[in-house]
Amino acid sequence: MPGKKKTTLKEIAEYAHLSMSTVSGVVNNLHGFSEETRKKVWDAVHVLNYVPNTQAKRLRCGNDSGRRLRSGLLMRIKYYGTQYPWKKRFDADLSQKFEETAARYGYFMTNYHYVREEGFRCPVLLNELIDGVVIKSPHPEVIHIVRNKLPAVLLDISMPFETAGIPSVNADMKQGFLDAFRDLKASGHIRIAQLDARPVQPSFNKEKLNYDALRGAADYCGLEIPESADLRLEWNDSCSLREQIVIAALRIQDALRKEIVSAVATTNFHFAAILLEELEKLGVRCPEDVEIVAGSHLMENPLPQIATVRNDWDKLIEMSLELLIRQIDGRALPGDQFFIASHYHKRS
């Protein structure tokens, strides 16, 4: 069966209503083009799924072996999104860990950050200057652009392999919450409140996995989450996240006063940080009046009053790069979805 006809630069030019020379210049990352022109070209490239003719490039360079030349470069694609105060330090530490781990495999790691899902473009990827990519992006558009073009691994992005088509590595929060709740139970806690957001999608995703991990650990350890203390946050524009947590703090204060609960658990450290601030405004002390346990993707805890269930980033990075290099080397993978147990850290 003949292969699918490849998209040409001429078709890109016709789609974008631009000249061939302009399209060629933008695709080859030449300077002198406006941002509007570049966006038109890259939008057309992704809509038409254009792939460069690397065979022709090799022939022009005197290399007709037909084999993809390795650059020794790996890339981490990261979606910035909302930046919390502690995320900048965390991302710098994470980049350093990636660089150190990649160096042990004989590769150099570079980072590509973006802030808008629409119009995602990265010339070095399209021109095959990167050997493999670790994707930390929840956007299907980005995953679609990279998929089947070069080896890739999803990191800390829970998406079924059937949907992404890319192997993934994720943290499993259950072990960390089991250890945390055993500690709470040993300290005399019986009933706890839960503060979490409803997952944006009801399907398989990281928020749902973490929520189920917390619930499962609480059930296993014999901790009760009363219905009145099951506090759900909604992702919407009508009421800000902080406003919702202010209301939740008042409900927790009332539940503490009535001895309905004595601790709070959440899968999201940012929620816990805002809650701690709002409880302190109400005169509720932590940990004297209430214990707080939070899931956290950070390497360190900027708020020592809170106990955390943290990702094991050393193992997450090691696994993601091992899977990526296996693909680069043409070796079979042992599976398509991998989970690394989290760790419980008591409050300071």
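In this predicted model, His17 sits in the loop between helix 1 (9–16) and helix 2 (20–27). His17 is not a glycine, yet its phi is positive, at about 60°. The residue counts as exposed, with a relative accessibility of 71%. Glu259 also has a positive phi of about 60° without being a glycine. Its place is the loop between helix 11 and strand 8 (263–266). Glu259 counts as exposed, at 61% relative accessibility.

The protein chain contains 13 helices and 12 strands. It has 348 residues, of which 46% count as buried. Among contacts with a separation of 6 or more, 68% come from residues 24 or more positions apart. The chain exposes about 17,800 Å². Carbon and sulfur atoms supply 52% of that area.

Charged pairs come next. Side chains of opposite charge can pair when their charged atoms come close. The structure holds 20 salt bridges. One of them joins the side chains of Asp156 and Lys136, with an N to O distance of 3.2 Å. Asp156 lies in the loop between strand 4 (152–155) and helix 8 (161–164), while Lys136 belongs to strand 3 (residues 132–136), so the pair ties together parts that are 20 residues apart in sequence. Both partners fall under the 20% cut-off for burial. Asp156 has a relative accessible area of 5% and is buried. Lys136 is buried as well, with a value of 13%.

A second salt bridge links the side chains of Glu277 and Arg242, at 3.5 Å from N to O. Glu277 is in helix 12 (residues 269–281) and Arg242 in helix 11 (residues 241–257), so this pair ties together parts that are 35 residues apart in sequence. Glu277 is partly exposed, with a relative accessible area of 36%. Arg242 also counts as partly exposed, at 34% relative accessibility. The pair belongs to a network of salt bridges that links Arg242, Glu277, Glu278 and Lys281.

Val246, Leu250 and Leu282 make a nonpolar surface patch. Its area is about 200 Å². Leu282 is placed in the loop between helix 12 and strand 9. With a relative accessible area of 32%, Leu282 is partly exposed. Its value is over the 30% that patch membership requires.

Pro287 lies in the loop between helix 12 and strand 9. The peptide bond leading from Cys286 to Pro287 is cis. Its omega is near 15°. Cys286 is buried, with a relative accessible area of 8%. Cys221 also counts as buried, at 12% relative accessibility. A disulfide is a covalent bond between the sulfur atoms of two cysteines. With a cut-off of 2.5 Å between cysteine sulfur atoms, the count of disulfides is 0.

A further salt bridge is formed by Arg285 and Asp289. Their closest N and O atoms are 3.2 Å apart. Arg285 is partly exposed, with a relative accessible area of 49%. Asp289 is partly exposed too, with a value of 32%.

Glu291 is found in strand 9 (residues 291–296). At 15% relative accessibility, this residue counts as buried. The side chain of Glu291 makes a polar contact with the side chain of Arg347, at 3.0 Å. Neighbours within four places in sequence aside, Glu291 is in contact with Leu184, His189, Ser262, Ala263, Val264 and Arg347.

Methods: Residues are numbered from 1 along each chain as its sequence is written. This is a predicted model: local features need pLDDT of at least 70, side-chain atom pairs count only at pLDDT 80 or more; totals for chains, interfaces and linings use all residues. Side-chain values use heavy atoms; hydrogens and water are left out. A salt bridge is a side-chain nitrogen of Lys or Arg within 4 Å of a carboxyl oxygen of Asp or Glu. Helices (H or I, at least four residues) and strands (E, at least two) are DSSP runs, numbered from the N terminus. Buried means under 20% relative accessible area, exposed over 50%, partly exposed in between (1.4 Å probe, protein chains only). A polar contact is a pair of N or O atoms within 3.5 Å; within protein, one must be able to donate a hydrogen and the other to accept it, and residues adjacent in sequence count only if both atoms are side-chain atoms. Contact means heavy atoms within 4.5 Å. Patches are made of residues with over 30% relative accessible area and no salt bridge: like charges are joined within 9 Å, nonpolar side chains (Val, Leu, Ile, Met, Phe, Trp, Tyr) within 5 Å. Accessible areas come from the Shrake-Rupley method with a 1.4 Å probe; for residues, only the protein chains shown count as cover.
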